[in-house]
Amino acid sequence: MRLTASIRGKSVICEKKITKPSLAISPLPICLNTEDTNNIRRGVIALLIINKAGGLIYNRTFGEGLNQLNSNDYLVLAGTFHGVHAITARLNPLREHQAAHYYAQQQQQHHHSASGSIGAGSGGGQGGPLPSRPEPPSGLEVMETENFRLQCFNTQTGTKFLLFTDTMQANVDVAMRKVYELYADYVMKNPFYQLEMPVRCDMFDRKLNSYIREINNSR
């Protein structure tokens with residue numbers, strides 16, 4: 001098994017040999033039946049949405065022949081990925097250096113502001129440039145195996161979109177952006193939807209199915 005994960009643009013490759021077939025339930029909604037491989041590895045496979053607390057609020061599979069997990073398996077999958085994402089978000093060797101640079105810029109800006117206030121009467125009240133805020137930790141963004149590719153989009157509010165595709169699918173970022181736009185238009189703008197609760201919006205389901213069907217049929 002070959003696993004490639006991308007954390008803040010850096011790729012980490014792990015390899016593991018499997019000598020005996022595993023009898024455990026597959027933790028991902030991917031069917032390993034070789035007879036249905038040609039029907040499965042086409043385009044977008046599945047979509048999961050996880051709220052900021054790690055709870056699964058939406059899951060949908062696309063295509064026939066996939067392993068159908070029960071509700072408890074999906075909840076465990078969402079919670080596990082939420083924990084792994086939180087761990088990988090802290091794996092930044094430059095975090096302390098970036099924080100120190102940010103604080104140094106803040107102190108320099110404060111010094112310029114104080115100097116400007118003293119010399120304001122003589123017309124010298126110009127401050128220095130605003131300090132640049134360090135980028136927020138992104139965590140796990142891409143995970144690729146021999147059978148599928150996982151793309152994670154983490155919003156500013158902590159909601160995570162997990163898009164499962166085949167390894168040959170192109171323009172996954174464009175598809176993820178479109179899915180997020182559909183979510184913003186038909187879920188977040190729904191006056192009856194409560195934040196952080198399971199998504200049950202028929203219009204969102206129809207628009208999402210139509211868009212994913214268009215992607216998969218174009219392959």
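**Close-up views of the predicted model**

View 1. Strand 5 (residues 140-144) and strand 6 (residues 149-154) run antiparallel and are joined by three bridges; strands pair if DSSP finds at least two bridges between them. Strands (E, at least two residues) and helices (H or I, at least four) are DSSP runs, numbered from the N terminus. The model is predicted, with local features needing pLDDT of at least 70 and side-chain atom pairs counting only at pLDDT 80 or more, while totals for chains, interfaces and linings use all residues. Residues are numbered from 1 along each chain as its sequence is written, and side-chain values use heavy atoms, with hydrogens and water left out.

**View 2. The packing of helices 4 and 5.** Helix 4 (residues 172-188) packs against helix 5 (residues 202-217) at an angle of about 165°, with the axes 9 Å apart. Helix 4 is therefore roughly antiparallel to helix 5 (an angle over 145 degrees, on a scale from 0 to 180 degrees between N-to-C directions, with axes fitted to C-alpha atoms over the stretch in contact). Residues in contact (heavy atoms within 4.5 Å) include V174, L182 and Y186 of helix 4 and F204, L208 and I215 of helix 5.

View 3. R60 and D205 meet through their side chains in a salt bridge (3.6 Å, N to O), defined as a side-chain nitrogen of Lys or Arg within 4 Å of a carboxyl oxygen of Asp or Glu. R60 belongs to strand 4 (residues 56-61) and D205 to helix 5, so the pair ties together parts 145 residues apart in sequence. The structure holds two salt bridges.

Definitions and conventions. Parallel < 35°, antiparallel > 145°, perpendicular 65-115°, else oblique.
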